[in-house]
Amino acid sequence: MEECPMSDTMKMDCQHVFCKTCWHTYLSIRINDGQGRRLTCMGFRCNAVCDEDAVMSLLKDSGPILKKYKESLRDSYVNDNRNVKWCPSVPHCGHAVQKVSADVQEIACD
């Protein structure tokens, strides 16, 4: 097995260290499999969630994968936030709407 220089490694908050190529491959597979919403460390039995900035840094040169990751973060934010909902327009426009008051308001899509 070939040693990886420390300059080519990445340490997550959980203190697990792996080479950047391994991280990139692992994250790309997870994101392509639709698991980008909650990326965990690839350390054995480690359930620590990977830092978003670290993931973005590792994927910075991977356009389609990075885009898919950002979309999963956006979707997660909207789906998990009770004050934010997807626009109800038909066909679906892809925009989200944030509730700013307790009053019931009708939404008009641009």
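Predicted model: local features only at pLDDT ≥ 70, side-chain atom pairs only at ≥ 80, totals over all residues.
## Starting from a contact

Two residues are in contact here when heavy atoms of one lie within 4.5 Å of heavy atoms of the other. Leaving aside residues up to four places away in sequence, W23 touches M10, M12, H16, F18, C41, M42, C50 and L58. We will come back to this tryptophan below.

## Overall layout

The chain has 3 helices and 4 strands, and from one end of the sequence to the other they follow the pattern β-β-α-α-α-β-β. Of its 110 residues, 29% count as buried. Among contacts with a separation of 6 or more, 32% link residues 24 or more positions apart.

How confident is the predictor? The mean pLDDT of the chain is 85, and 87% of the residues score at least 70. Among the elements, helix α1 has the highest mean, 94, while strand β4 (residues 96–98) has the lowest, 81.

## The nonpolar core

The largest nonpolar core is made of 17 residues. Those with the most contacts inside it are M12, W23, L27, L39, C50, V55 and L59. The largest share comes from α1, which provides 4 residues.

## An aromatic cluster around W23

Which residues form the aromatic cluster? They are F18, W23 and Y26, and the structure holds 2 aromatic pairs. In one of them, the ring centres of F18 and W23 are 5.5 Å apart with their planes at 85 degrees, so this pair is edge-to-face. The pair of W23 and Y26 is also edge-to-face, because its planes meet at 70 degrees, with the ring centres 6.2 Å apart. W23 and Y26 both sit in helix α1, 3 residues apart, or about one turn of the helix. In general, an α-helix has 3.6 residues a turn, so residues three or four places apart point the same way.

F18, at 26% relative accessibility, counts as partly exposed.

## Helix α3 and strand β3

Helix α3 has 18 residues, which at 1.5 Å a residue should span 26 Å; the C-alpha atoms at its ends are 26 Å apart, so the two values agree. Its buried residues are I65, L66, Y69, S72, S76 and V78. What do the buried residues of α3 pack against? Their partners are α1, α2, β3 and β4.

V84 gives a residue-level view of strand β3 (residues 84–86), where it is located. At 4% relative accessibility, V84 counts as buried. Beyond residues up to four places away in sequence, V84 touches Y77, V78, A96, V97 and Q98. V84 and V100 are 16 residues apart along the chain, and their C-alpha atoms are separated by 9.3 Å.

A search of the whole structure finds 0 disulfides. C46 is a case worth a look: the nearest cysteine sulfur, that of C14, is 3.8 Å away, and C46 is in no disulfide. The reason is the cut-off, because a disulfide needs a pair of cysteine sulfur atoms within 2.5 Å.

C46 counts as buried, with a relative accessibility of 13%. C93, on the other hand, counts as partly exposed at 29%.

## Two loop residues with positive phi

Two backbone spots also deserve a glance. Q15 is not a glycine, yet has a positive phi of about 80 degrees. This residue lies in the loop between β1 (9–11) and β2 (17–19).

R45, another residue other than glycine, has a positive phi near 60 degrees. Its place is in the loop between α1 and α2. R45 counts as exposed because its relative accessible area is 73%, and the cut-off for exposed is over 50%.

Terms used:
Residues numbered from 1 in each chain as written. Heavy atoms only, no water. Core = buried A, V, L, I, M, F, W, Y, C linked by side-chain atoms within 4.5 Å. Buried < 20%, exposed > 50% of the residue type's maximum accessible area, 1.4 Å probe, protein only. pLDDT = per-residue confidence, 0-100. Phe/Tyr/Trp six-rings, centres within 6.5 Å; stacked < 30°, edge-to-face > 60°. Expected span 1.5 Å × (residues − 1).
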